[in-house]
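Here is a report on strands, turns and charged pairs. Please keep the sequence and the 3D view open while reading.

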Amino acid sequence: MGEQPIYSTRAHVFQIDPNTKKNWVPTSKHAVTVSYFYDSTRNVYRIISLDGSKAIINSTITPNMTFTKTSQKFGQWADSRANTVYGLGFSSEHHLVKFAEKFAEFKEAARLAKEKSQEKMELTSTPSQESAAGDIQSPLTPESINGTDDERATPDVTQNSEPRAEPTQNALPFTHRLVKGGVPTILTHMHLASPNQEGSTISKHWEAELAALKGNNAKLTAALLESTANVKQWKQQLAAYQEEAERLHKRVTELECMSGQANVIKSHKTELNQTIEELESTLKAKEELLSCNPLKVVWFTREIERLKEEVDNAHQLQAQRDSLTQKLQETETRNKDLEVQLSELEQRLESSQMEQEAFRKNLKTLLEILDGKIFELTELRDNLAKLIECS
């Protein structure tokens, strides 16, 4: 069956600086999928993580490894075969604890597999288990199982058959060696030498699987490019909405200042009304005095004319006051309309942000699907390699 993913999570991946051996160097710009794989053929557990087409973690779990939690969201382990130390930053402590539990579980499974493998090798090496004449046997070497002595596994050996060669450490990177448009692709033509009709049928089956995966890969690439274009368009719309909202806020501020001036105009209007009333009362009083004393007609006539001019001026001021009042009402109406437009723009802005958030979630789901397809391609490549070796 080859390697199968048995547990996956997302984390930021780091490696220790090879020069200082102290500082962490990030190997991914964002959180990526980190998965435990189990190879049932070799009985081996591995930790694998891909950033696009690049394998940033390819670590085989051995009994002497230890996963250390250095903080609430960060953990690390040393891989002597890769001559480095890996670090993982998780989004929560729960994910870190779950990953550590799986590490301990698979480490114990690797230890038991090692002991079982050593027992099988001891039984195989005894004279009672030697093959008859004409049988072919080959010793198991560390290179045949992609690891060191801690990762040995015993392949199945039957009479009158050659032992099956295991894929090497380069199996995973080779799968993603061809990259086009940021999305990994695989070779469409693979020549499988088959000794009989059954092998040819299996080869055609896998070629059809490869063609189907290639088609799905092209569809996912097109969807990703379309999603990127939509993101750019939504960002431009969001910027335009923000500029419009800022302009409306400035307009509201100006109208509030005009509203403050309207209060001053109202106070002036009250004062003018009081002045007109005083002038009218004064005019009546002087007319009464004029009727009582005819000798002061000339003086009162001039005084009346002066008062009439003041009354006319007061009426003009009142007309101006009415005009300003009307403008104030129009300004207040315009202010309400602008507030309604501002509210609508804020609602549209909020809706756009919600759409953008939904798109981010869809994009995240798409990335997870791509990760799953990459893992399926890895498994497919291992199976094809085994078919070639069996042929």
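Asp17 sits in the loop that links strand S1 (3–16) to strand S2 (24–26). Helices (H or I, at least four residues) and strands (E, at least two) are DSSP runs, numbered from the N terminus. The model is predicted, so local features need pLDDT of at least 70 and side-chain atom pairs count only at pLDDT 80 or more, while totals for chains, interfaces and linings use all residues. Residues are numbered from 1 along each chain as its sequence is written, and side-chain values use heavy atoms, with hydrogens and water left out.

Asp17 is buried but has no salt bridge. Its nearest side chain of opposite charge is Lys21, 7.9 Å away. Lys and Arg count as positive, Asp and Glu as negative; His and the chain ends are not counted. Buried means under 20% relative accessible area, exposed over 50%, and partly exposed in between (1.4 Å probe, protein chains only). A salt bridge is a side-chain nitrogen of Lys or Arg within 4 Å of a carboxyl oxygen of Asp or Glu. Leaving out residues up to four places away in sequence, Asp17 touches Lys22, Asn23 and Val25. Contact here means heavy atoms within 4.5 Å.

Two strands pair if DSSP finds at least two bridges between them. S1 and S3 pair in the antiparallel sense, over eight bridges. Within this pairing, Thr9 stands opposite Val34 of S3. S3 (32–39) is mostly covered, with seven of its eight residues buried.

S3 also runs antiparallel to S4, joined by six bridges. Tyr38 has Tyr45 in S4 as its bridge partner. The hairpin of S3 and S4 has four residues between the strands.

S4 (residues 44–51) pairs in turn with S5, again antiparallel and over six bridges. Here Ile48 has Asn58 in S5 as its bridge partner. These two strands form a hairpin with two residues between them. Gly52, in that turn, has a positive phi of about 70°.

How many residues of strand S5 are buried? Five of the seven residues in S5 (residues 54–60) are buried, so the strand is largely enclosed by the rest of the structure.

Asn43 has a positive phi of about 60° although it is not a glycine. Asn43 lies in the loop between S3 and S4. Its relative accessible area is 29%, which means that Asn43 is partly exposed.

Asn83 also has a positive phi, near 55°, in a residue other than glycine. Asn83 is found in the loop between strand S7 (74–79) and strand S8 (84–89). Is Asn83 buried or exposed? Asn83 is exposed, because its relative accessible area is 61%.

**Salt bridges**

Side chains of opposite charge can pair when their charged atoms come close. A search of the whole structure finds 10 salt bridges.

| Salt bridge | N to O distance |
|---|---|
| Glu303 and Arg306 | 2.1 Å |
| Arg360 and Glu357 | 4.0 Å |
| Lys373 and Glu376 | 3.9 Å |

Glu303 and Arg306 are three residues apart in helix H4 (residues 297–390), so about one helical turn separates them. Glu303 counts as buried because its relative accessibility is 12%. Arg306, at 37%, counts as partly exposed.

Arg360 and Glu357 are likewise three residues apart in H4, so they are separated by about one helical turn. Glu357 has 39% relative accessibility and therefore counts as partly exposed.

Lys373 and Glu376 both lie in H4 too, three residues apart, about one turn of the helix. Lys373 counts as partly exposed at 25% relative accessibility. Glu376 is partly exposed as well, with a relative accessible area of 39%. Elsewhere, salt bridges that share partners join Glu108, Arg111 and Glu115 into one network.

Ala314 lies in helix H4. Its relative accessible area is 7%, so Ala314 is buried. Leu279 is 35 residues from Ala314 in sequence. In space the two are 9.5 Å apart, C-alpha to C-alpha.
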